[in-house]
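I opened this one to look up how each chain is built and where the two meet. My notes follow in the order I took them.

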Amino acid sequence: MEYIARVEVSLKPGHSDPEGETTKNSLKELNYPVREVRVSKVYRIILEASSAEEAEALVEEMCQRLLANPVKDDYTFKVEEKI
Amino acid sequence: MEKGEIRVCILRVGGTNCDAETKRAFTELGVEAEVYHINQIAKRGILQESEALVIPGGFSYGDYVRAGAILAKGLLTKLGDDLERFIEEGKPVLGICNGFQVLVEAGLLPGFDGVGSRPEAALTTNIPVGYRCRWVYLKHENRGNCIFTSKVPRDVTLRIPVAHAEGRFIFPEGKEQEYLERLYENDQLVFRYCDEDGRYAEGRYPTNPNGSFHDIAGICNPEGTVFGLMPHPERAYYGWQLPDWTRRGSPPKYGDGRLIFESMIDYLTRKF
């Protein structure tokens, strides 16, 4: 079966986010009342697995092995069956 | 081992772009250096026939996911056992700029717990954000463990350029002091950013060009045989590569970067 995973990798809270900071400043210059911007990365992954549990286990492994660096990144994901 | 017998393997993948000048630096020192694609290295067992491995600068695989991340996993999957043996035999591995990012992502640096561990540090987005290409000063901190700086006296200041957007060295939050102490205990700290007179940058831009923790520019593993640094020694190899020699009349013969390659070759001739 095919599953769609949506993985979001973001910087851990407390870690400085120079990209977010620069974006915030730019938005403020455009006169938006912005307090904070944090940048994260989203992956949409279509994968094959025999069950939702297996798909989740695979995505978890992908995050740990490649998509996130545990030193600075947090990750969350959602897996849905592809219809 | 004679100089002429030493074979240096320079690893290339899509996006590597400092392989030619790195090869030239080694060739100039009288050793045999060749550029190989990672798949060639894996298929033809090139590591077993080489005495040193260099991961040069560039933007491996477009720096997608994170700088160096994809090549790091490729290195472990495609060359894993060979690379582990290579490092255990004490053969030197040098990572320059993107190569440093690869070694950190692969968990080979700082490598507190040996090969195959998870990343214990990261090289992340510069503060201030942006690509920085400039000459920096580096203070040599190593007390003799790092085989790549044996020809550099302690506390000497070198001038070598950086060129990167993700060079801010960090440890996991809350572990900074503990890991820094380990770096000092194991004599793994090699270069820190400083000013022309050797005073530490203390985080100040542009002396510290990327906001690196503790002004860290380069570290080695506990054994001193795996070394990564953000600055490009191959771009400070010849005197004519220096930015200001025309103002001084004529270029010196060599730049400071040459010392790193010389130290590495010196180690190889003595050890093997």
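I started with burial: 17% of the 83 residues in chain A are buried, where buried takes 20 or more other C-beta atoms within 10 Å of a residue's own, exposed takes 12 or fewer, partly exposed lies in between, and C-beta atoms are placed from the backbone. Before going on, I noted that this is a predicted model, where local features need pLDDT of at least 70, side-chain atom pairs count only at pLDDT 80 or more, and totals for chains, interfaces and linings use all residues. Residues are numbered from 1 along each chain as its sequence is written, while chains are lettered from A and ligands numbered from 1 in the order in which they are written.

Next I looked at the overall dimensions. Chain A has a radius of gyration of 16 Å, whereas a compact globule of 83 residues would come near 12 Å; the radius is taken over C-alpha atoms, and the globule rule is 2.2 Å times the number of residues to the power 0.38. Its C-alpha atoms fill a box of roughly 50 × 30 × 15 Å along the principal axes.

**Sheet of chain A**

I counted 2 helices and 3 strands in chain A, using DSSP runs numbered from the N terminus (helices H or I, at least four residues; strands E, at least two). The pattern along the sequence reads β-α-β-α-β.

I then followed strand 1 (residues 2-11) of chain A, which pairs with strand 2 of chain A over 9 bridges, antiparallel. One bridge I checked joins Y3(A) to L47(A) in strand 2 of chain A.

**Chain B**

I found 6 helices and 11 strands in chain B. Its radius of gyration is 17 Å, close to the 19 Å that the globule rule gives for 272 residues, so chain B is as compact as a globular protein of that length. Of those 272 residues, 51% count as buried.

**Cores**

Which residues touch the most other members of the largest nonpolar core? Among its 81 residues, they are V8(B), L103(B), L138(B) and M264(B); such a core is a set of buried Ala, Val, Leu, Ile, Met, Phe, Trp, Tyr and Cys residues joined through C-beta atoms within 7 Å. Helix 3 (residues 69-88) of chain B gives the largest share, 9 residues. A second, separate core of 10 residues includes Y3(A), A5(A), V9(A) and L67(A).

**Where the chains meet**

Last, I checked the contact: 14 residues come from chain A and 19 residues from chain B. On the chain A side, helix 1 (18-29) and helix 2 (52-67) of chain A are the elements that give two or more residues.

Key. Two residues are in contact if their C-beta atoms, placed from the backbone, lie within 7 Å. Two strands pair if DSSP finds at least two bridges between them.
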